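Visitor: I am new to this structure. Please show me how to read its features.

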Amino acid sequence: MLPSLAYRMVRTVDARLLWKFSYNFGFKGMLSVQRFKRELKKGKVFPPFLYVSIINSCNLRCQGCWVDVAAPQAMISFEDLNRLVVNAKKHGNTFFGILGGEPFMHPDLIRLLEAHPDCYFQIFTNGHFITDEVAAKLRRAGNATVLISIEGREIASDIRRGRKRVLNHTVNGLQACIRNRIITGVATSVCQSNFEELVREEWVDELIQWGVHYAWFHTYRPVGPDPRPELALTPEQVLAVRRFGVEMRNRKSIGFVDAYWDDKGNALCPAAVGISHHISPWGDIEPCPIIQFANESITDNDGDIYKTMTESRLLEDFRKSAAKATRGCIVLERPALLKEIVERNGAHDTTARKQAIAELEAMESRNSQYNLGNEIPEKHWLYRFAKKYWFFGFGAYT
């Protein structure tokens, strides 16, 4: 329902913010992926989409969270963040995913956005720190979208996130963004406790009524110090989430993001194909947010993130080994293999708790998005077109 979504965006989003989204994220993002593809032919892998956890602290205590949110606060300084973005821009990057902890607890978040008006940022947040004043600052910066996490209705949210009245605070932040005409999304880690409540058309209709512009359903991953494996989805439920997303993006006036499948419905891992990697609150360069091992830091090579990433043996070994083993998530399907990769590269544990190897050893192999023979191709022409050219396996699985 692209026309109705476009109409709704024009009516509810600041025109300058729509332009920034279209140009900085859409057009420049496309060029960034094209450059990534050209670099691949030369044997260089520098992800066009970098995800940066800028701080470890958070006001919530979510089940299954892999971040050491209760550890002494660590954050990447503005100077290091600025240097990272400047260096990445030299190599074609304009998009940066900002994670935590809770990113709005970082004192220089808005300053970072304002320092790079030629980039686009997606901020993953619980929304609790977004007041009208904060939303107004985001609107003035103009180059960021907020992706606010909602993990269920009132009761499920409180249980999943370890606090009372979580959903009320989240919705207050969401409404502040809508009032200030910011492009606003809602993310959900779909698990056993919210599957029935949120993987349904009525929930999508409610998001649209609130004024939400896009949704991102990703599947729960039982990792970290409190993995709660009982919350993980069955293979049938993962398939149902995929089918639901394809149907909703084809019928509803809301964008629907997923990052695990290409246009034909083939599973993929963004880290294994090299289109994204992650940086921890301590500056460690990791394959993805839930793989907390590294050999390199953003301060290596005088802050040349391109040189550090393209020369990383750990990242190269991870990509090749993961893609050879599965099109799904190596952490879920092959934790023992991931441990082998970590050990043969001498990678260090990047957590504050220093138990990541023990957690890998305790994990049981389980299903992920890879479900051979049950691929669900995209139905909507725009998603099919976009994924065909800018989001696929990039030859990693051949």
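Guide: Leaving out residues up to four places away in sequence, Asn24 touches Trp19, Gly29, Thr94, Pro117, Asp118, Cys119, Tyr120 and Asn143. Contact means heavy atoms within 4.5 Å. This is a predicted model, where local features need pLDDT of at least 70, side-chain atom pairs count only at pLDDT 80 or more, and totals for chains, interfaces and linings use all residues. Residues are numbered from 1 along each chain as its sequence is written, and side-chain values use heavy atoms, with hydrogens and water left out.

Visitor: Is Asn24 buried or exposed?

Guide: Buried means under 20% relative accessible area, exposed over 50%, and partly exposed in between (1.4 Å probe, protein chains only). Asn24 has a relative accessible area of 4%, so Asn24 is buried.

Visitor: Which backbone oxygen lies 2.9 Å from a polar atom of the side chain of Asn24?

Guide: That oxygen belongs to Pro117.

Visitor: Where is Asn194?

Guide: Asn194 sits in the loop between β5 (184-190) and α8 (195-198). Helices (H or I, at least four residues) and strands (E, at least two) are DSSP runs, numbered from the N terminus. Asn194 is buried, with a relative accessible area of 0%. A polar atom of the Asn194 side chain lies 3.1 Å from the backbone oxygen of Ser189.

Visitor: Which residues does Asn194 touch, not counting residues up to four places away in sequence?

Guide: Asn194 touches Glu151, Gly152, Arg160, Thr188, Ser189 and Val199.

Methods. Polar contact = N/O pair within 3.5 Å; in protein donor to acceptor, adjacent residues only side chain to side chain.
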